[in-house]
Amino acid sequence: MDHDIDRILISRHRIAERVMELAAEIARTYAGDVEAGLTLVTILSGSLIFLSDLIRCLPLRMKIGLITVSSYKGTKPTPAAILQQLNTDVTGRHVLLVDDILDTGGTLRLVREQLVSAGPKSIRTCVLLRKPSKAPPDVPADFVGFDIEDVFVVGYGLDFNDHYRNLPDIAVLRPEVYAS
Ligand code: 5GP
Ligand code: MG
């Protein structure tokens, strides 16, 4: 797997530091207003590892919700589609949407629309990565780990054709891998 990597964009150490900082920001935001209940809704599969690290830094009472959305074929964006519906009721609850990366915004826009109809008390979004050159203004993120350049990245949960999710760092693959 290592020989497929062109360069590491964000190291595992930098990710770990930033996840702790994000968790502190999130904890400050919800502290004192958790009576309604907090649900972290995770967009699978890319956010799997991010969520598992984030929640272990978050000393808040919470539930986890899962929703599966597909949006990429290889390195090419396709219209976001829900593959598996949310498995929990968020009516009246605070919702924090957790996604791996905010790119064109199609995924978060779609999931937000679905959740609004359930009548949550609030909806905020947290993304590990954002490509600011593409992210549209109507899909804001409340918590952002890193702004990155417009390159296709893998690792730390992010895939290329369902591989490379288990790389501990966030990396760019060699061009030959994408071409094959
Ligand atoms: P959007 O719907 O905002 O265009 O894209 C969000 C989704 O597309 C992400 O949740 C992620 O699954 C996928 N995606 C966008 N950019 C990348 C990327 O650079 N690498 C990988 N592996 N997935 C990406
Ligand atoms: Mg995703």
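Threonine 42 has valine 98 of β5 as its bridge partner. Strands here are DSSP runs of E with at least two residues, helices are runs of H or I with at least four, and both are numbered from the N terminus. Two strands count as paired if DSSP finds at least two bridges between them.

The model is predicted: local features need pLDDT of at least 70, side-chain atom pairs count only at pLDDT 80 or more, and totals for chains, interfaces and linings use all residues. Residues are numbered from 1 along each chain as its sequence is written, chains are lettered from A and ligands numbered from 1 in the order in which they are written, and side-chain values use heavy atoms, with hydrogens and water left out.

Now widen the view to the sheet. Six strands form an open sheet with mixed pairing, in the order β4-β3-β2-β5-β6-β7. β4 (76-84) and β7 (143-147) stand at the edges with a single partner strand each, so one side of each has no neighbour in the sheet. From one strand to the next, the twist averages 25 degrees. Angles run from 0 to 180 degrees between N-to-C directions, and axes are lines fitted to C-alpha atoms, for helices over the stretch in contact.

Follow β2 to its other partner. Six bridges join β2 to β3, and these strands run parallel. Leucine 44 has threonine 68 of β3 as its bridge partner. The peptide bond from leucine 44 to serine 45 is cis, with omega near 5 degrees. Serine 45 sits in the loop between β2 and α2. Most residues other than glycine have a negative phi, and most peptide bonds are trans.

β3 and β4 pair antiparallel over five bridges. Tyrosine 72 stands opposite proline 77 in β4. Lysine 73 has lysine 76 of β4 as its bridge partner. The hairpin of β3 and β4 has two residues between the strands, and glycine 74 there takes a positive phi near 65 degrees.

What lies in the loop between β4 and β5? Glutamine 85 has its place there. Glutamine 85 touches Leu66, Ile67 and Gln114, not counting residues up to four places away in sequence. Contact means heavy atoms within 4.5 Å. Glutamine 85 and isoleucine 148 are 63 residues apart in sequence and 29 Å apart in space, C-alpha to C-alpha.

α2 lies across β2, β3 (63-73), β5 and β6, and runs at about 155 degrees to β2.

The two helices also meet each other. Helix α1 (residues 12-30) and helix α2 (residues 48-55) pack at an angle of about 65 degrees, their axes 9 Å apart. Val19, Leu22, Ala23 and Ile26 of α1 make the contact with Phe50, Asp53 and Leu54 of α2. By class, this contact has six nonpolar, no polar and one charged residues. Ala, Val, Leu, Ile, Met, Phe, Trp, Tyr, Cys and Pro count as nonpolar, Asp, Glu, Lys and Arg as charged, and the others, Gly among them, as polar.

Turn to the ligand. Which residues are closest to ligand 1? Of the 16 residues that surround ligand 1 (a heavy atom within 4 Å), the closest are Asp100, Thr104, Gly105, Thr107 and Asp159. A polar backbone atom of glycine 105 is 2.7 Å from an oxygen atom of ligand 1. For aspartate 99, a polar side-chain atom lies 3.2 Å from a ligand 1 oxygen atom. For glycine 106, a backbone N or O atom lies 3.4 Å from an oxygen atom of ligand 1.

Asparagine 161 lies in the loop between β7 and β8 (170-173). Its phi is near 50 degrees, a positive value in a residue other than glycine.

Key: Polar contact = N/O pair within 3.5 Å; in protein donor to acceptor, adjacent residues only side chain to side chain.
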